Amino acid sequence: MKQVIQGLGNEEEEREELKNKVQNETIRSLYHKGEEERATALANKHQLPYVDLSLVPINSDILNSIPKETAQKANIAVVYKVGKKYKIAVTDPENYETKSFLDNLKKEDGLSYSLVVVSRDSLKRAWANYDKVTVTEKFENQSVVLKKEDLTEFETGITNIIDLKKRITEINTTEIFNIIMAGAIKTKSSDIHIEPNKDYTRLRYRVDGVLQDIVNLPQKVHKIIVSRVKMLSKMKLNVSDTPQDGHFNIELENTGINVRSSILPSSFGESIVLRILSDEGTGLKLDELGFNQYYLEILEEQLIKPTGMILTTGPTGSGKTTTLYSFIRRLNQPSVKIITLENPVEYRVEGISQTEVGLSAAGTGTRTGITFADGLKAVVRQDPDIVMVGEIRDPETAEISIQAALTGHMVLSTLHTNDAAGVIPRLLHLKVNPALIAPAINAVIAQRLVRTLCEHCKEEYVPAQETIDKIKSVLKNIPRNKRMEIPTDIKFIYRSSGCSKCNFIGYSGRIGIYEIFTMTTNIEKVILGNTSASEAMQAAREDGMITMQEDGILKAIEGRTSLEEIRRVTGEVFTTS
Ligand SMILES: [Zn+2]
């Protein structure tokens with residue numbers, strides 16, 4: 001009996017506890033919503049702009065124009081600065097400390113400022129960036145001792161960038177090169193930049209396409225790194241006034257990693273860029289690249305067609321080649337003959353024939369001397385089913401590619417344009433006969449890469465109503481189609497604060513954002529009218545094209561990336577009201 005009562009009691013307690021929990025959560029979310037809302041209201045009251053700092057990148061250099069302690073005491077953060085003009089984020093323009101700080105600022109020579117109102121939460125996010133600033137470490141007293149240590153041994157001690165920074169400051173200068181390589185591999189960096197300045201050498205890694213400051217090294221270390229790279233890459237040790245290229249291998253436990261090295265003289269010494277060639281990414285399947293359902297289905301349809309051209313477009317590093325490789329992987333069968341012309345061939349795919357054109361083979365200094373156009377003429381005579389042309393950048397290559405697409409081949413290639421619509425005027429500029437464009441081209445894909453939010457530290461948050469309204473107005477303009485559902489309402493979006501899993505960057509990995517159009521009579525009509533990019537864009541929109549930025553915003557709503565990232569890659573997300 002007692003037990004039963006006790007049991008009941010527990011149940012009641014649990015129910016009560018649950019009720020409290022629900023209430024607390026509601027209060028918390030209301031409170032949070034309140035915070036951004038309160039900031040908006042305060043901004044309106046003072047007729048100042050409101051800013052959500054979760055959506056804007058904070059520049060550490062600009063932030064540091066006011067020291068952390070001063071900024072925290074005054075409840076401010078510098079978010080923008082041009083010359084002597086500051087844009088300062090405040091939580092309350094009437095706060096006593098804030099006002100006295102601003103009064104003092106005004107007294108300084110030639111300084112002017114404007115204010116924006118932010119929430120307390122925003123301000124704290126800005127302040128957190130102070131701690132992300134790299135500290136210049138001192139190496140002056142370290143002795144030079146050469147130890148033959150294996151890279152794998154170094155690698156075991158490093159799990160993230162923070163470990164790496166610590167490690168670099170602890171070890172002997174001669175071991176630094178190995179640590180730098182190990183750190184880059186551990187953090188999945190694609191490039192290492194070693195740039196000498198007047199007083200120190202800056203070490204940066206490119207992680208997921210974005211350069212990250214690692215540490216500043218003393219000049220003494222720089223010399224050691226330069227000779228190490230030259231030795232490994234078989235470059236001339238005594239030459240320091242001309243650029244040199246080379247490559248070397250790093251042996252790891254199970255695999256080897258190829259590194260392309262490039263040394264360039266600069267005013268304070270030789271600057272080094274090391275590109276780590278990993279085939280990660282090139283093995284990605286079509287459905288792993290981040291295409292939305294609508295575009296995925298369009299591509300599936302296009303890839304079945306035996307002839308015609310598919311073009312990907314975007315700046316260098318936008319993942320165009322990765323996309324084409326995923327198509328090739330999909331189409332690669334013993335009965336299909338695939339030939340590629342690339343500059344350079346970075347990744348080998350089994351079962352296809354890859355030819356390098358136009359560039360010297362790494363480190364040998366010899367040129368193959370074949371242009372894309374020459375190579376393409378030869379390739380077409382080889383009777384392939386599918387041809388991948390690395391890039392169309394001259395009229396001759398454009399002409400032959402179009403001809404190949406019209407004469408029974410599938411042609412995959414890339415162009416340099418800002419967006420998908422830009423392909424039409426670009427081809428016209430390359431003297432392609434307008435009447436041939438529509439018959440030859442099946443689909444045009446424009447793309448950018450955005451970093452994906454770290455799964456371990458991303459969090460939902462409720463932005464101000466103003467932000468929600470702006471997002472909704474973007475959603476309203478997205479063309480509807482049967483294959484994909486576009487949300488009409490949102491309650492929260494996502495952001496990240498950084499954790500040890502993502503090297504405190506907040507992001508880990510990348511996906512593409514895309515816009516795709518296929519050839520329709522609507523677009524064909526525009527092409528024959530000797531079109532501009534904006535007319536082509538309008539026609540593509542009428543046919544249902546979702547723009548790269550819209551695709552990105554949809555991915556931000558899903559929590560795969562952030563609005564800040566979409567802005568970094570595609571420019572201003574919302575037109576300011
Ligand atoms: Zn994280």
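In this predicted model, helix H12 meets helix H13 through Phe-372, Ala-373, Leu-376, Lys-377 and Val-380, which face Glu-396, Thr-397, Ile-400, Ser-401 and Ala-404 of H13. By residue class, this contact holds 6 nonpolar, 2 polar and 2 charged residues.

Two packed helices are described by the angle between their axes and the distance between those axes. For H12 (residues 372-381) and H13 (residues 395-406), the axes come within 8 Å and cross at roughly 20 degrees. Angles under 35 degrees count as roughly parallel, and H12 and H13 are therefore roughly parallel to each other. The crossing of H12 past H13 is left-handed.

A second pair consists of helix H17 (residues 521-528) and helix H18 (residues 533-542), whose axes come within 9 Å and cross at roughly 170 degrees. Because an angle over 145 degrees counts as roughly antiparallel, H17 is roughly antiparallel to H18. On the H17 side the contact is formed by Asn-522, Ile-523 and Val-526, and on the H18 side by Glu-535, Ala-536, Ala-539, Ala-540 and Glu-542. These residues comprise 5 nonpolar, 1 polar and 2 charged.

Leaving aside residues up to four places away in sequence, Ile-523 touches Phe-517, Ala-536, Ala-539, Ala-540 and Asp-543. Of these, Asp-543 lies 20 residues from Ile-523 in sequence, with 8.5 Å between their C-alpha atoms.

Definitions and conventions: Residues are numbered from 1 along each chain as its sequence is written. This is a predicted model: local features need pLDDT of at least 70, side-chain atom pairs count only at pLDDT 80 or more; totals for chains, interfaces and linings use all residues. Axes are lines fitted to C-alpha atoms, for helices over the stretch in contact, and angles run from 0 to 180 degrees between N-to-C directions. Helices (H or I, at least four residues) and strands (E, at least two) are DSSP runs, numbered from the N terminus. Angles under 35 degrees count as roughly parallel, over 145 as roughly antiparallel, 65 to 115 as roughly perpendicular and the rest as oblique. Two residues are in contact if their C-beta atoms, placed from the backbone, lie within 7 Å. Ala, Val, Leu, Ile, Met, Phe, Trp, Tyr, Cys and Pro count as nonpolar, Asp, Glu, Lys and Arg as charged, and the others, Gly among them, as polar. A crossing is left-handed if the near helix is turned anticlockwise from the far one by less than a right angle, and right-handed if clockwise.
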